[in-house]
Amino acid sequence: EMVAGRSSPRKCPSFYNRRARDEQLRVLLVSDIQCSLTNVHQLAELLTTRREYVDMIWVTGSLTVLSEEDRAVPARFSASEGDMSTVISALENIQCRVVYVPGALDPDSTLLPPPP
């Protein structure tokens, strides 16, 4: 549809936050956070200071640091799941959608079960 010589804005998908000031989807890719809330908070502060907005953050693994030995200890495994939730919550405080792919150091419980 044309309006005054320009096409009308396209309807954005439901996940699109529209905090970005242009018509492009802005995605921030991070990896290997390894439970560093300090780095996540610094990232949020940097984005705020620069007035940069992102619509989505993609995290590609290693939100936690769960060693093979820790996997065998239920309390450490459970604590790692809690650490992962804390990191994701901190990323969500940036006010955008967070999508993550668990890495080798993340709890197995975050993986999708294999198809039947």
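**The sheet and its surroundings**

Tutor: Among contacts in the protein chain between residues at least 6 apart in sequence, 77% join residues at least 24 apart, a contact meaning heavy atoms within 4.5 Å. This is a predicted model, in which local features need pLDDT of at least 70 and side-chain atom pairs count only at pLDDT 80 or more, whereas totals for chains, interfaces and linings use all residues. Residues are numbered from 1 along each chain as its sequence is written, and side-chain values use heavy atoms, with hydrogens and water left out.

The protein chain holds three helices and five strands, which follow one another from the N terminus as β-β-β-α-β-α-α-β; helices (H or I, at least four residues) and strands (E, at least two) are DSSP runs, numbered from the N terminus. Three of the strands build an open sheet in the order S3-S4-S5, with parallel pairing, where two strands pair if DSSP finds at least two bridges between them. Strand S3 (27-30) and strand S5 (97-101) are at the edges with a single partner strand each, so one side of each has no neighbour in the sheet. On average, neighbouring strands are turned by 20 degrees against each other, direction ignored. Between S3 and S4 there are four bridges in the parallel sense, and Leu29 stands opposite Trp58 in S4.

Helix H3 lies across S4 and S5 and runs at about 145 degrees to S5; the axes are lines fitted to C-alpha atoms, for helices over the stretch in contact, and angles run from 0 to 180 degrees between N-to-C directions.

The largest nonpolar core has 17 residues, of which Ile33, Ile57, Val59, Leu91 and Ile94 touch the most other members. Helix H1 (37-50), strand S4 (56-60) and helix H3 (74-92) are the elements that give two or more residues to this core, and H3 provides the largest share, five residues. Such a core is a set of buried Ala, Val, Leu, Ile, Met, Phe, Trp, Tyr and Cys residues joined through side-chain atoms within 4.5 Å, where buried means under 20% relative accessible area, exposed over 50%, and partly exposed in between (1.4 Å probe, protein chains only). Leaving aside residues up to four places away in sequence, Ile57 touches Leu28, Val30, Leu91, Ile94, Cys96, Arg97, Val98 and Val99.
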